[in-house]
Amino acid sequence: MDLKNSLYIQCITKNEQTFYQINHPAFKANISAYGAQLLSFEPNDQQDLLWLSNSAVQDGSKAIRGGVPICWPWFGPASGKFEGEPQHGYLRNLNWRISSIDENAEGVTIEFELQRPEKIVQLGLAVKIIFILNAQAEIKIVTTNLNKEAFELSQAIHTYFNVEDIETTSIASLKGCLFLDKLVQSEQENQTYEQSSELTVNSAMDRVYIYNKPKLEITTDTRTIKVEGEGHDSVIVWNPWAESAQSMADFDDSGYKQMLCVEMGLTQGYLLNPGDTYVLSQRFYC
Ligand code: BG6
């Protein structure tokens, strides 16, 4: 799409990769065309709400570590008929382009479509990603099942939030919820635990909370990040902590101290019927 006449959006090319920089009176943002991935979102008078690894690979050879990767049409390792396919699905490793823009003094809405949708068409699915950016950031994944059979859809909006100090960050909203702990090898598949107090993180964490309420809050030293969503049946909370961060080439060794992934997910087994469209969304602001 030609952005020559856009009021706020500029297309930048770096290392042969395309980025859309948005400079709006209410906020600044940066979206990578690779992955249709929001990499930064700075509302006026706020530090970036998103964390991006200083060592993130941004040459189109690997999913970008940070911002908001999209996991689709499965979350986590591929299984069943997709065994051997990439973790978190295809979208974060594909190139996207803008299909429509709506911009005004309040904010911008940008819709992305896949540059080469062949692989996704073969699955019998259609997908688009919509960003609604103003004083808040909202991301929507819109999936339509074009098959004659139901499709088991799983997905997540994998937001890396920027926190000043992970050890003093908390999420009170998850108190009382059940969760699956991906770091515990349990003989019983689907073993759940209860979150007995507000959630704090002081070691590696990889949990799927059974949570479909529309809101939660992340409290950091200096601000409260409000996270809202629709279409999710769970919230994933992930921080690799020191050892695992060091083992990832694209994760700064001490980066785990300033990030927390809080992801709206559809992970509990959802069948998307033929002809139906599903929308998963996540919105965040201070
Ligand atoms: C989280 C998963 O959502 O993403 C973790 O729950 C995973 O298990 C993490 O390690 C990062 O995944 P990746 O593929 O981006 O390294």
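**View 1. Cysteine 71 and its closest cysteine sulfur.** In this predicted model, the sulfur of cysteine 71 lies 9.1 Å from the closest cysteine sulfur, that of cysteine 261, so the two are too far for a bond. A disulfide here means a pair of cysteine sulfur atoms within 2.5 Å. Cysteine 71 is also buried, at 0% relative accessible area (buried is under 20%, exposed over 50%, partly exposed in between, with a 1.4 Å probe and protein chains only).

**View 2. Cysteine 177, another cysteine without a partner.** For cysteine 177 the closest cysteine sulfur is again in cysteine 261, but 18 Å away, too far for a bond. Cysteine 177 counts as buried too, with 9% relative accessibility. Search the whole structure and you get zero disulfides.

**View 3. Who surrounds the ligand?** Around the ligand you'll find Arg65, Phe75, Gln87, His88, Arg92, His158, Lys182, Asp206, Ile236, Trp238 and Glu263 (a residue is near if one of its heavy atoms lies within 4 Å).

**View 4. Polar side chains at the ligand's oxygen atoms.** The side chain of aspartate 206 has an N or O atom 2.5 Å from a ligand oxygen. Arginine 92 puts a polar side-chain atom 2.8 Å from a ligand oxygen, and for histidine 88 that distance is 3.1 Å. A polar contact is a pair of N or O atoms within 3.5 Å.

**Notes.** Residues are numbered from 1 along each chain as its sequence is written. As the model is predicted, local features need pLDDT of at least 70, side-chain atom pairs count only at pLDDT 80 or more, and totals for chains, interfaces and linings use all residues, while side-chain values use heavy atoms, leaving out hydrogens and water.

Key. A polar contact is a pair of N or O atoms within 3.5 Å; within protein, one must be able to donate a hydrogen and the other to accept it, and residues adjacent in sequence count only if both atoms are side-chain atoms.
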